[in-house]
Amino acid sequence: FPMSSLNLWNNYAVYIEVFVPEGEVDEIKVDTTNGAINIDDLTISSIILDTTNGAISLSDVSATSINVDTTNGAIGGDVSAVNGVFSTTNGAIELTIDAQSGSYNLDTTNGSIDLNLPTDSNIGYKINLDTTIGSIDVDLPNITYTTDRTREKTGETVGYDSKTIQIEIDADTTIGGIELN
């Protein structure tokens, strides 16, 4: 990169595109600063994504373990995981979750959490949702609540233990709402 006394570093950008051969890699780890991360069409055992000042987008991503963390960026996409952790500060989380048993932990400080979830009769949900400033809207069938307040909801699908697909959702935001479906 040419350097000058005018300090023109902000005129440059780096875009890296990586293709992963199917079945050749068990884990992917991406860590960046001041840049977005986009992952498309990937099935893998473990994926770890971390960025500062950038959004993270996942499209058709399936893994045993997904760990996504960003500061000053949103998290979005469609995923399927046995264990999924999605965390951001100053950004929303908007995900579509596939019909597969799994546990999802979602956390943001300044942003909403919006999940699009499957609702087949063989799917059970166990939910623990909390917001400090915002509201919670749950549109899932047959949920019974142990806690049902405007800013806190805990409950599960009737007959959860007998469902063939069991999905646990633990979602927390400080400033923002939470919406399931």
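Here is a short chat about how some labels on this predicted model were assigned.

Modeller: This is a predicted model, where local features need pLDDT of at least 70, side-chain atom pairs count only at pLDDT 80 or more, and totals for chains, interfaces and linings use all residues. Residues are numbered from 1 along each chain as its sequence is written, and side-chain values use heavy atoms, with hydrogens and water left out.

Colleague: Thanks! Why is I16 called exposed?

Modeller: Exposed means over 50% relative accessible area, buried under 20%, and partly exposed in between (1.4 Å probe, protein chains only). I16 has 67% relative accessibility, so I16 counts as exposed. I16 lies in the segment before β1 (27–33).

Colleague: And what makes D41 exposed?

Modeller: The value for D41 is 62% relative accessibility, so D41 counts as exposed too. D41 lies in strand β2 (residues 37–52); strands are DSSP runs (E, at least two residues), numbered from the N terminus.

Colleague: Which residues does D41 touch, leaving out those up to four places away in sequence?

Modeller: D41 touches S59 and D60, where contact means heavy atoms within 4.5 Å.

Colleague: How do you know that β3 and β4 pair?

Modeller: Two strands pair if DSSP finds at least two bridges between them. Strand β3 (residues 56–71) and strand β4 (residues 75–89) are joined by 13 bridges and run parallel, so they meet that definition. L58 stands opposite G77 in β4.

Colleague: What about β4 and β6?

Modeller: Six bridges join β4 to strand β6 (residues 102–110), and these run parallel. In β6, D107 is the bridge partner of S87.

Note on methods: Helices (H or I, at least four residues) and strands (E, at least two) are DSSP runs, numbered from the N terminus.
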